[in-house]
Amino acid sequence: MAQRDYYEILGVSRSATPDELKSAFRKLAREYHPDVNKSPDAEERFKEINEAYAVLSDADKRAAYDRYGHAGVQGMGGMPDFSTVDFSDIFEEFFGFGGGGRQRSRNAPHRGADLSYVVQLSFEEAVFGTEKEIEITRDEVCSVCHGNGAKPGTTPTRCPTCGGRGEVRTMRQTFLGSMVQVTTCPTCNGKGETIGSPCDNCHGRGLERRTVRKIVPIPAGVDNGTQIRLSGEGQPGVNGGPNGNLYIEIKVKAHKFFRRRQNDILLDLNINLAQAVLGAEIEVPTVEGKSNLKVPAGTQPGKIFTLKGKGVPHVRGSGRGDQHVIVNIEIPTRITTEQRQLFEQLAKTLGSEVAPQERSFFDKLKEVIGG
């Protein structure tokens, strides 16, 4: 169905001033508010009036509407979906009163609060996964009164002030007519019940603080900042509402040798000058133990070797990253007399010519491990 023109809805001309718009809106809102007008289409008319005023009372939205029509104000932000709006909630938010029985009860079920806990892992634990025992302190249902807050042998009674609703209502005159102002009951604080003899253990709360131990499974491949959600392990719900969640935040200790880049592991490895010139087969550390690496003759500083599948497992999905070994040639700072003589003989055969380096070590590193 085509949308009606907003100016037509409010019964004003396209040149109407802001004051004229406001006056028309107030008149129509008073006439069609569902708690005043009991006709079947009153609520839809009321939503239509509010939608029109929400657009035309905003200078930017009005300009866009004047130029492009309804398409001009779609997705501009601040434009509510009026097909799903409960206007009793809107009037309570802005004016402090509701719509005569349409308010949600103050003692309705509410979800419990979420809790958080930080777990620290070693580098290897983050790579392979583990289990950690944690202790959290949270509210639990009182073991003495079983949650009703009353001393054993007694029971809570319905609040005489609000009659168990958790809220009190008073009539208030507004520009929309007679409205019902809804406030939390001052006697029971919104619970709908009063306790004559509070439980000695929980002092009437119905809850007691307890320290709970839990075993938390940590999947392989987690990293700093990874969050694990344990559903229903947070604070208990209110008035029968669901429990909150417990969020485990992962912190990983730095490793002595390894560094991590997403699912790849980086290792800086020093080799001596002879190994670089002549080549060698050496053992390098990995998270799974020692692994053989063949260094070819003539290896240059910054050369990167890749050990496939020696990295970190993917948390979601299969497979693992790689380990990249970045070779650095260690130049000795102290040598024996015999070593000096050998280097002097070598220097005579190499000559004294030098050549500029074509590509830097960092360029090679970016090429291999991706930026």
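Start by selecting Arg 45 and Tyr 32: Arg 45 lies over the face of Tyr 32, at 4.3 Å from the ring centre. Here a charge sits over a ring if NZ of Lys or CZ of Arg is within 6 Å of the ring centre and within 35 degrees of the ring normal. Now pick Lys 303 and Phe 305, where the charged end of Lys 303 sits over the ring, 5.8 Å from the centre.

A word on what you are viewing: this is a predicted model, in which local features need pLDDT of at least 70 and side-chain atom pairs count only at pLDDT 80 or more, while totals for chains, interfaces and linings use all residues. Residues are numbered from 1 along each chain as its sequence is written, and side-chain values use heavy atoms, with hydrogens and water left out.

**Next stop: aromatic rings**

Rings of Phe, Tyr and Trp (its six-membered ring) pair if their centres lie within 6.5 Å; planes under 30 degrees apart count as stacked, over 60 as edge-to-face and the rest as tilted. That rule gives four aromatic pairs. Select Tyr 6 and Tyr 65: their ring centres are 4.7 Å apart and their planes are at 35°, so this pair is tilted. Tyr 6 lies in helix H1 (residues 6–10) and Tyr 65 in helix H4 (residues 59–68), so the pair ties together parts that are 59 residues apart in sequence. Helices (H or I, at least four residues) and strands (E, at least two) are DSSP runs, numbered from the N terminus.

Are these two tyrosines buried or exposed? Tyr 6 counts as buried at 3% relative accessibility, and Tyr 65 is buried with a relative accessible area of 3%. Buried means under 20% relative accessible area, exposed over 50%, and partly exposed in between (1.4 Å probe, protein chains only).

**Then: strand E9**

Select residues 246–252 and show the side chains.

Two strands pair if DSSP finds at least two bridges between them. Strand E1 (residues 115–121) pairs with E9 in the parallel sense over seven bridges, and Ser 116 stands opposite Tyr 247. Strand E8 (residues 227–230) pairs with E9 in the antiparallel sense over four bridges; there, Arg 229 has Tyr 247 as its bridge partner.

**Last stop: a hairpin**

Select E12 (residues 280–286) and E13 (residues 289–295), antiparallel strands joined by seven bridges. A hairpin of two residues connects E12 to E13, and Ile 282 has Leu 293 in E13 as its bridge partner.
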